[in-house]
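Thanks for coming, everyone. Please have a look at the structure on the screen, and then I will walk you through it.

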Amino acid sequence: MLIIPAIDLKDGKCVRLKQGAMDKSTVFSDDPAATAESWVKQGARRLHVIDLNGAAAGRPKNESAIRAITDAVGGTHTDAAGRRPARPRHHRAASSTTA
């Protein structure tokens with residue numbers, strides 16, 4: 001199983017939103033690059049970075065934090081996301097098992 005840590009960025013900080021509300025966030029770190037390095041030191045081979053401001057604005061907003069993350073973790077595969085799709089997409093949880 002591959003676990004991919006996610007780093008949610010809002011105003012250049014690592015956060016968690018309460019029930020998806022941008023105005024209700026908890027800051028976990030003021031240093032996204034150090035957070036990414038910590039995940040890699042713990043064994044993460046990939047990171048998923050979400051630009052929450054960018055998702056709300058429809059264009060990237062946390063470029064400097066994302067750049068700092070990619071510079072800090074070097075060869076670690078980093079996916080960045082944050083643009084809201086033109087039409088809403090509905091996702092459902094999927095589980096899989098391997099015998």
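First, a term. Helices here are DSSP runs of H or I with at least four residues, strands are DSSP runs of E with at least two, and both are numbered from the N terminus. With that in hand, find Ala34, which lies in helix 1.

Two notes on the source. This is a predicted model, where local features need pLDDT of at least 70, side-chain atom pairs count only at pLDDT 80 or more, and totals for chains, interfaces and linings use all residues. Residues are numbered from 1 along each chain as its sequence is written, and side-chain values use heavy atoms, with hydrogens and water left out.

Now the overview. The protein has 3 helices and 5 strands. Along the sequence they follow the pattern β-β-β-α-β-α-α-β. How much of the protein is buried? Of its 99 residues, 28% count as buried. Buried means under 20% relative accessible area, exposed means over 50%, and partly exposed lies in between, using a 1.4 Å probe and protein chains only. One more term: a contact means heavy atoms within 4.5 Å. Take the contacts between residues at least 6 apart in sequence: 63% of them join residues at least 24 apart.

Back to Ala34. Its relative accessible area is 34%, so Ala34 is partly exposed. Along the chain, Ala34 and Val73 are 39 residues apart, and their C-alpha atoms are separated by 9.2 Å.

Which residues of helix 1 are buried? They are Pro32, Ala33, Thr35 and Ala36. Seen down the axis, they fall within an arc of 160°, so they line one face of helix 1. The arc is that of the directions from the helix axis to the C-beta atoms. What covers these buried residues includes strand 1, strand 2, strand 3 (21-29), strand 4 and helix 3. Just after helix 1 comes Gly43, with a positive phi of about 110°.

On to helix 3, residues 63-73. Its buried residues are Ala65, Ile66, Ile69 and Val73. Why are they on the same side? Because they cover an arc of only 100° around the axis of helix 3. Here is the general rule: an α-helix has 3.6 residues a turn, so residues three or four places apart point the same way. The face turned away from the buried side of helix 3 carries exposed residues: Ser64, Arg67 and Asp71. What do the buried residues of helix 3 pack against? Their partners are strand 1 (6-10), helix 1 (32-41), strand 4 (46-51) and strand 5 (77-81). Just after helix 3, Gly74 has a positive phi of about 55°.

Now put the two helices together. Helix 1 and helix 3 pack at an angle of about 35°, with their axes 8 Å apart. Axes are lines fitted to C-alpha atoms, for helices over the stretch in contact, and angles run from 0 to 180 degrees between N-to-C directions. Helix 1 contributes Pro32, Ala33, Ala36, Glu37 and Val40 to the contact, and helix 3 contributes Ala65, Ala68, Ile69, Ala72 and Val73.

Next, the strands. Two strands pair if DSSP finds at least two bridges between them. Strand 1 and strand 4 run parallel, joined by 4 bridges. Within that pair, Ile7 has Val49 of strand 4 as its bridge partner. Strand 1 also pairs with strand 2 (residues 13-18), in the antiparallel sense, over 2 bridges. There, Lys10 has Lys13 of strand 2 as its bridge partner.

Look at the loops too. Asp11 is in the loop between strand 1 and strand 2. Its phi is near 55°, a positive value in a residue other than glycine. Asp11 counts as exposed, at 54% relative accessibility. Gln19 sits in the loop between strand 2 and strand 3. Its phi is positive as well, near 50°, and again the residue is other than glycine. At 81% relative accessibility, Gln19 counts as exposed.

Last stop: Asn53, in helix 2 (residues 52-57). Is Asn53 buried or exposed? Asn53 is buried, with a relative accessible area of 15%. Leaving aside neighbours within four places in sequence, Asn53 is in contact with Leu9, Lys10, Asp11, Met22, Lys61 and Asn62. That is the tour.
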